[in-house]
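Visitor: I would like to learn how to read a model such as this one, feature by feature. Please show it first and then start with the terms.

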Amino acid sequence: RPLDLVLGAEDLDPVGNPDGSLERLRYLQELGATHVNLRMRQNSLAEFLEQLEAVASLGILRSVDGTES
């Protein structure tokens, strides 16, 4: 079984800069990342949930069964 490569994406802004966020995630994917730790700044639970929805809408994340979202 191959090893997993976990990389980090710090200060991601999928709401304010979706194109930049997608570009950074694709870059990490090209480097061979199999998992990415997302770090986003937020001031409330509502803002955090909005960011998670925005990341999911980028269409680059894979679900547990390996299909893209």
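Guide: Begin with exposure: a residue is buried under 20% relative accessible area, exposed over 50%, and partly exposed in between, with a 1.4 Å probe and protein chains only. This is a predicted model, in which local features need pLDDT of at least 70 and side-chain atom pairs count only at pLDDT 80 or more, while totals for chains, interfaces and linings use all residues. Residues are numbered from 1 along each chain as its sequence is written, and side-chain values use heavy atoms, with hydrogens and water left out.

Visitor: Which secondary structure elements does the protein have, and in what order do they run?

Guide: Helices (H or I, at least four residues) and strands (E, at least two) are taken as DSSP runs and numbered from the N terminus. Here there are two helices and two strands, in the order β-α-β-α from the N terminus.

Visitor: How much of the protein is buried?

Guide: Of its 69 residues, 20% count as buried. Accessible areas come from the Shrake-Rupley method with a 1.4 Å probe, and for residues only the protein chains shown count as cover. The accessible surface comes to about 5,200 Å², and carbon and sulfur atoms hold 50% of that.

Visitor: What share of the contacts joins residues 24 or more positions apart?

Guide: A contact means heavy atoms within 4.5 Å. Among contacts with a separation of 6 or more, 58% are between residues 24 or more positions apart.

Visitor: How many salt bridges are there?

Guide: The rule asks for a side-chain nitrogen of Lys or Arg within 4 Å of a carboxyl oxygen of Asp or Glu. By that rule there are two salt bridges. One of them pairs the side chains of Glu10 and Arg39, at 3.5 Å from N to O. Glu10 lies in the loop between strand E1 (6-9) and helix H1 (18-30), and Arg39 in the loop between strand E2 (35-38) and H2, so this pair ties together parts 29 residues apart in sequence. Glu10 is partly exposed, at 46% relative accessibility.

Visitor: And what distance separates N from O in the salt bridge of Arg41 and Asp11?

Guide: That distance is 3.0 Å. Arg41 belongs to the loop between E2 and H2 and Asp11 to the loop between E1 and H1, so the pair ties together parts that are 30 residues apart in sequence. Arg41 counts as exposed at 64% relative accessibility, while Asp11 is partly exposed at 45%.

Visitor: How should I read the faces of a helix?

Guide: An α-helix has 3.6 residues a turn, so residues three or four places apart point the same way. As for span, the expected value is 1.5 Å times one less than the number of residues. H2, with 13 residues, reaches 18 Å from its first C-alpha to its last, close to the 18 Å expected. Its buried residues are Gln51, Ala54 and Val55. Seen down the axis of H2, these buried residues fall within an arc of 100°, so they line one face of the helix; the arc is that of the directions from the helix axis to the C-beta atoms. On the other side of H2, Leu45, Ala46, Glu53 and Ser57 are exposed. The cover over the buried residues of H2 includes E2. After H2 comes Gly59, with a positive phi near 80°.

Visitor: Which residues does Gln51 contact, beyond its neighbours within four places in sequence?

Guide: Gln51 is in contact with Pro14, Val15, Met40, Arg41 and Gln42. Its relative accessible area is 5%.

Visitor: Which residues make the nonpolar surface patch?

Guide: Patches are made of residues with over 30% relative accessible area and no salt bridge, with like charges joined within 9 Å and nonpolar side chains (Val, Leu, Ile, Met, Phe, Trp, Tyr) within 5 Å. Leu45, Phe48, Leu49 and Leu52 make a nonpolar patch of about 350 Å². Leu49, in helix H2 (residues 45-57), is partly exposed at 41%.
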